[in-house]
Amino acid sequence: MKNVRKLLLLICLISGAFQNVTGQTYTNPILAGDYPDPTIMREGADYYMTHSAFDYQPGLTVFHSRDLVHWEPISYALKTYLGSVWAPDISKYKDRYYIYFTVATQPRSNYVVWADSPYGPWSDPIDLHIGNIDPCHVVGEDGSRWLFMSGGKRARLADDGLSIIPGTEEVVYQGWPIPEDWVTEGMALEGPKLRRIGRYFYYFNAEGGTAGPPTSHMVVQARSESINGPWENAPHNPLIHTWSKDERWWSKGHGSVIDTPEGGWVIVYHSYENGFTNLGRQTLMEPLRLGDDGWFHRFDNVEVDQPITCPISKPFEANRHDRLSEFRLGLDWKFYKAFRPERVKVMDGALSLQAQGSDPGSSAPLMFVSGAHRYQIEAEIELQGEVTAGLVVYYNSQFYQGTGFDKQKRYRYRKGGQSRAGVHSQETTRLWLRLQNYDNIVTGWYSHDGKQWIRETWGMDCSGYNHNTLYEFQSVLPGLFAFGEGKAIFRHFKYTEF
């Protein structure tokens, strides 16, 4: 019993600042929905985190927290669409903050942006002209700056961190050998995260593939007394892994280890949720301990899909969705591929969205991350010009579902196609629309006054809209669209979870 009390006390000390709505526990995920490839840093009592942006713009939203549970978006680092943005790394060196990231064009290349504050403004992206993926910045014992990447590769950075020194790219690590009978996507040695702790450099890598079977992904650890190696694998690898498809969280991996001001340790990583892979990879966290053997270990009695009990330091804050009606571009709302802020004007809680394209897929809809299993969005929509506008749950330009209208008709959208849902009794430029996603079943409503709602006769299933089926690492995001010639005004926007 004495040892059990010590273990519980240690867990609480490690995560002493954690809190959530219960006032006594935090519950995974700490960021629900599409927040993959988390990278995290700490400066004093402040934590900063960002994630892969993929095809969403503006990209590389930076989050701030003081308790590792409640996160507030504070800036975005990428205003230009370069291609799909993968696996960033956020760090501070001397007085500057850096985010290194991959752009998955052909050929792929890695980039960097920098700022004097995590609140921005961030610099324009700088092409480092080096391939591979998933860059990670680390400083060697002699003060040299390095960029570690996928495949166990590294290259030396110039002193300012904004270019690669030619001829320094080399393979320094082969990874941890995955047992032959494990079911994964393959070796996929990627997602390196390095940091110096005491006498060792710790080298955390993802292996097994980021999607595919539920048991694919993992986090392995190695260490060395020098940034130059040799690297010794932990005898108890992997540190993080999904062992069975019966678990709630699938393909757990790509972890970042961070310390707390109190001297504890946690690992932040991503995972798909069983039954809701179309939400994307969500950000999870669990406490770690640094053992007497010099290796990191999980706590065997911590279940990541159950509340983890720890003391709190302040009351629960507002839900991060409470400010959606402010239409904060880059913080809550984002476009698909094309960031054109001139399309958007916000005044008195109303959003004016300039129409673009010829259908929702080409309209670059304006979207946000929900992360909920059951939610609905609704708005009063006014058409100005020859415009079709509405509400959508959107994976990519070919796969989306939603409801919309023009002056003559209402429409249903499914798999990128349009079908008529009804004809107005007279020409209409104003209509209230509602779209609900209830455990992956999408249904719609309309209203002429915002009070009396009429349910559409159609319903759709969006559960198959995920990376394993469609690729591109996207997720199903709710949003607004307007296409044609003119603009649409969205008023009284409301987001509700069930």
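Guide: Let us start with residue classes: Ala, Val, Leu, Ile, Met, Phe, Trp, Tyr, Cys and Pro count as nonpolar, Asp, Glu, Lys and Arg as charged, and the others, Gly among them, as polar. This is a predicted model, in which local features need pLDDT of at least 70 and side-chain atom pairs count only at pLDDT 80 or more, while totals for chains, interfaces and linings use all residues. Residues are numbered from 1 along each chain as its sequence is written, and side-chain values use heavy atoms, with hydrogens and water left out.

Visitor: How many helices and strands does the protein have, and how much of the protein is buried?

Guide: Helices (H or I, at least four residues) and strands (E, at least two) are DSSP runs numbered from the N terminus, and by that reading the protein has 2 helices and 36 strands. The radius of gyration, taken over C-alpha atoms, is compared with a globule rule of 2.2 Å times the number of residues to the power 0.38. The protein's radius of gyration is 23 Å, close to the 23 Å that the rule gives for 498 residues, so the protein is as compact as a globular protein of that length. Its C-alpha trace spans about 75 × 60 × 45 Å along the principal axes. Buried means under 20% relative accessible area, exposed over 50%, and partly exposed in between (1.4 Å probe, protein chains only); buried residues make up 60% of the 498 residues here.

Visitor: Which strands form the open sheet of 4 strands, and in what order?

Guide: Two strands pair if DSSP finds at least two bridges between them, and here the open sheet has the order β7-β8-β9-β10 with antiparallel pairing. The edge strands, each pairing on one side only, are β7 and β10 (126-127). Between β7 and β8 there are 7 bridges, and K92 has Y97 in β8 as its bridge partner. These two strands form a hairpin with 2 residues between them, and K94 in the turn has a positive phi of about 55 degrees. From β8 to β9 there are again 7 bridges, V103 stands opposite S109 in β9, and the hairpin of β8 and β9 has 5 residues between its strands. Finally, β9 (residues 109-115) is joined to β10 by 2 bridges, with D127 in β10 as the bridge partner of Y111.

Visitor: Why is β8 described as largely enclosed by the rest of the structure?

Guide: Strand β8 (residues 96-103) is described in that way because 7 of its 8 residues are buried.

Visitor: What does W114 touch, beyond its neighbours within four places in sequence?

Guide: In a regular strand the side chains alternate between the two faces of the sheet. As for the case at hand, W114 lies in strand β9 and, at 22% relative accessibility, counts as partly exposed. Contact means heavy atoms within 4.5 Å, and, leaving those neighbours aside, W114 is in contact with R96, Y97, Y98, P121, W122, S123, I126 and L162.

Visitor: Which residues lie nearest the centre of the second largest pocket?

Guide: On a 1 Å grid over the protein atoms alone, a cavity is a set of points where a 1.4 Å probe fits but cannot get out, and a pocket is an open set with protein on both sides within 12 Å along at least five of seven lines; lining residues have an atom within 4 Å of a point. The second largest pocket is lined by 23 residues, with M41, S91, H137, L194 and R195 nearest its centre. Its lining has 12 nonpolar, 4 polar and 7 charged residues, and the largest share, 5 residues, comes from β7. Grid points are joined across faces, edges and corners, and a volume is the space filled by probe spheres set on the points; for this pocket, the volume is about 550 Å³.

Visitor: How many cavities of 30 Å³ or more does a search of the whole structure find?

Guide: The search finds 3, and the largest cavity has a volume of about 200 Å³. Of the 18 residues that line the largest cavity, Y35, S52, A53, T61 and K334 are the closest to its centre. Strand β5 (residues 59-65) gives the most to that lining, with 4 residues, and by class the lining has 10 nonpolar, 5 polar and 3 charged residues.
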